[in-house]
Amino acid sequence: MGGWEGGIRVPGIFHWPGVLPAGRVIGEPTSLMDVFPTVVQLVGGEVPQDRVIDGHSLVPLLQGAEARSAHEFLFHYCGQHLHAARWHQTDSGSVWKVHYTTPQFHPEGAGACYGRAVCPCSGEGVTHHRPPLLFDLSRDPSEARPLTPDSEPLYHAVIARVGAAVSEHRQTLSPVPQQFSTSNILWKPWLQPCCGHFPFCSCHEDGDGL
């Protein structure tokens, strides 16, 4: 679904008796990128200092030491293409979402790319929005009512602030090998753990319970 909330807004569940308070519900925006710095903090390590780490440790948020997510901005990619950006204003409860590119849903009128099996990230199957689409997720989480300069007095200010954050974010990026290339995601049977005779790989507990 590209950068739409239906493909992004998913729940996460954390269970750690005696450490995390039970039954606590957190409505702050976080990211899978936060898992790495969270695990690093839990094991007493330090994240690399020679590059920008986009994630933030979730420990303060999960334990209740912090009430707000450390993310002021989150950037939503479809593959290697930035489709949308989210601004969680630190001085208010507003959460703005700006869409620069959206996939063309198929069939027409659907809420996803059912007719194509997967939504494209670029090319003829996407729409580039100029000016971008703007939503106030704190009032419209389903992104049903795009805002305009006439309906939202802060329209131009929000678009400009998010655009500046996107430019700053892009300056921190550096080229790396494509991790999701076809050769990297193809199944490699020689890398699969195998306890039996290949290709009939199956593992069972031995008599020692190991």
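Is Cys 78 buried or exposed in this model? With a relative accessibility of 8%, Cys 78 counts as buried, because the cut-off for that class is under 20%. The model is a predicted one, and the values below are computed from its atoms.

**Disulfides**

- The count of disulfides comes to two, and one of them is formed by Cys 78 and Cys 121, whose sulfur atoms are 2.0 Å apart.
- Whereas Cys 78 is buried, Cys 121 counts as partly exposed because its relative accessibility is 23%.
- Cys 113 and Cys 119 are also joined by a disulfide, with an S to S distance of 2.0 Å; here the value about the S-S bond is 100°, and the link is right-handed.
- Both Cys 113 and Cys 119 are buried.

**Nonpolar core**

- In soluble globular proteins, nonpolar side chains tend to be buried together.
- The largest nonpolar core in this model comprises 15 residues, and those with the most contacts inside it are Phe 75, Leu 134 and Val 162.
- Two or more residues of this core come from each of strand S1 (73-78), strand S2 (81-88), strand S3 (95-103) and helix H4 (155-171), and the largest share, six residues, is given by H4.
- When its neighbours within four places in sequence are set aside, Leu 134 is in contact with Trp 96, Lys 97 and Val 98, with Arg 145, Pro 146 and Leu 147, and with Tyr 155, Val 158 and Ile 159.

**Domain arrangement**

- The domain assignment divides the chain into domain 1, made of 1-12 + 71-172, and domain 2, which covers 30-70.
- The C-alpha centres of domain 1 and domain 2 are separated by 24 Å, and the contact takes nine residues from domain 1 and ten residues from domain 2.
- Between domain 1 and domain 2 the buried area is about 670 Å², and carbon and sulfur atoms contribute 48% of it.

**Backbone geometry**

- His 106 and Pro 107 are joined by a cis peptide bond with omega about 0°, and Pro 107 is placed in the loop between S3 and S4.
- A cis peptide bond also runs from Arg 130 to Pro 131, with omega near 5°, and Pro 131 lies in strand S4.
- Glu 143 has a phi near 55°, which is a positive value in a residue other than glycine; the place of Glu 143 is in the loop between S4 and H4.
- Glu 143 counts as buried because its relative accessibility is 9%.

**An exposed arginine**

- Arg 51 is found in the loop between helix H2 (35-42) and helix H3 (59-63), and it counts as exposed because its relative accessibility is 53%.
- The side chains of Arg 51 and Asp 50 are joined by a polar contact of 2.9 Å.
- Arg 51 and Val 98 are 47 residues apart along the chain, and their C-alpha atoms are separated by 26 Å.

How values were computed. Residues numbered from 1 in each chain as written. Predicted model: local features only at pLDDT ≥ 70, side-chain atom pairs only at ≥ 80, totals over all residues. Heavy atoms only, no water. Core = buried A, V, L, I, M, F, W, Y, C linked by side-chain atoms within 4.5 Å. Buried < 20%, exposed > 50% of the residue type's maximum accessible area, 1.4 Å probe, protein only. Helix = DSSP H or I, 4+ residues; strand = E, 2+ residues; numbered from the N terminus. Contact = heavy atoms within 4.5 Å. Polar contact = N/O pair within 3.5 Å; in protein donor to acceptor, adjacent residues only side chain to side chain. Disulfide = S-S within 2.5 Å. Domains from an automatic or database assignment. Buried area = accessible area lost by both parts, 1.4 Å probe.
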